[in-house]
Amino acid sequence: MHDFLIAPSILSADFARLGDDVAAVLDAGTDVVHFDVMDNHYVPNLTIGPMVCKALKKYLDSNGYSAPIDVHLMVSPVDSLIADFAAAGATYITFHPEASDHVDRSLQLIRSLGCKAGLVFNPATPLHYLDYVMDKLDVILLMSVNPGFGGQSFIPGTLDKLRQARQCIDDSGLDIRLEIDGGVKVDNIREIAAAGADMFVAGSAIFNQPDYQAVVEQMREQLAS
Ligand code: DX5
Ligand code: ZN
């Protein structure tokens with residue numbers, strides 16, 4: 001594991017050979033498998049659920065991969081899926097606070113099932129949802145695109161929001177990851193890190209390249225510079 005975690009979003013993977021493609025991207029030096037769950041209700045797209053997570057986890061385990069699975073729930077309601085993803089091998093489970101009627105309860109539920117818990121903020125969602133739940137968070141995920149699709153452009157205003165979230169985390173003294181999701185590329189990852197992120201979701205930037213290792217190395221070089 002690195003201090004900066006690179007989390008390939010499997011939304012851009014080859015679903016016809018998902019296990020092999022995820023193994024390849026882990027072999028290329030990435031750290032965390034970012035698993036995007038969309039329900040065609042909270043977001044206008046439909047992806048994959050707990051059965052695929054369970055199958056992928058089994059495949060990774062049986063091939064010697066121990067990378068955490070980071071389940072990003074873009075669904076409403078959220079609670080009914082949390083137990084299923086915990087049972088399917090999720091390490092992190094994050095959800096959008098507007099999608100849960102009881103944010104505190106959903107966060108507690110995630111941790112009670114042995115997973116790491118996080119809140120996800122859309123570009124226009126204010127950070128005040130953090131006010132009373134910082135002690136129940138393992139990760140804060142800021143969306144730098146509107147959720148629903150891979151391959152969109154990074155929204156620049158997210159950098160300021162990252163700085164605010166970083167300040168909240170540092171002020172809290174808690175061990176909370178700051179994750180960024182959407183439009184992360186080799187040419188912007190450095191300034192995103194400088195704004196405070198330490199966990200980087202990248203889908204199209206990695207999977208749309210023929211040589212995963214080359215992209216991941218370029219990202220690491222940017223993060224080290
Ligand atoms: C968007 C998803 C992202 C997305 C990232 O709703 O949450 O994880 O797939 O894709 P890129 O890196 O292509 O913006
Ligand atoms: Zn995501």
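Visitor: In which strand does H72 lie?
Guide: Bear in mind that this is a predicted model. The strand in question covers residues 69-74. H72 lies in strand 3.

Visitor: Is H72 buried or exposed?
Guide: A residue is buried if 20 or more other C-beta atoms lie within 10 Å of its own. H72 has 27 such atoms, so H72 is buried.

Visitor: Which binding-site positions does UniProt list?
Guide: The record is an unreviewed entry. Its positions cluster in space, although they are spread over 148 residues of sequence. The largest C-alpha distance is 10.6 Å. The "binding site" feature is placed by UniProt at H34, D36, H72 and D181.

Visitor: Which residues of that feature is H72 in contact with, leaving aside neighbours within four places in sequence?
Guide: The contacts of H72 include F35, V37, T94, V120 and L141. UniProt's feature also takes in H34, D36 and D181.

Visitor: How many residues of strand 6 are buried?
Guide: Take the two faces in turn. On one side, V139, L141 and M143 are buried. On the other, I140 and L142 are buried. The count for strand 6 is five of five.

Visitor: Which residue in strand 7 is the bridge partner of L141?
Guide: Strand 6 and strand 7 run parallel, joined by five bridges. L141 pairs with E179.

Visitor: Through which helix does the chain cross from strand 6 to strand 7?
Guide: The link is a β-α-β crossover, and it is right-handed. Its helix spans residues 158-172. That is helix 5.

Conventions. Residues are numbered from 1 along each chain as its sequence is written. Chains are lettered from A and ligands numbered from 1 in the order in which they are written. This is a predicted model: local features need pLDDT of at least 70, side-chain atom pairs count only at pLDDT 80 or more; totals for chains, interfaces and linings use all residues. UniProt positions are given in the numbering used here, feature names are shortened, and annotations may be inferred rather than shown by experiment. Helices (H or I, at least four residues) and strands (E, at least two) are DSSP runs, numbered from the N terminus. A residue is buried if 20 or more other C-beta atoms lie within 10 Å of its own, exposed if 12 or fewer, and partly exposed in between; C-beta atoms are placed from the backbone. Two residues are in contact if their C-beta atoms, placed from the backbone, lie within 7 Å. Two strands pair if DSSP finds at least two bridges between them. A crossover is right-handed if, with the strands pointing away from the viewer, the path from the first strand over the helix to the second runs clockwise.
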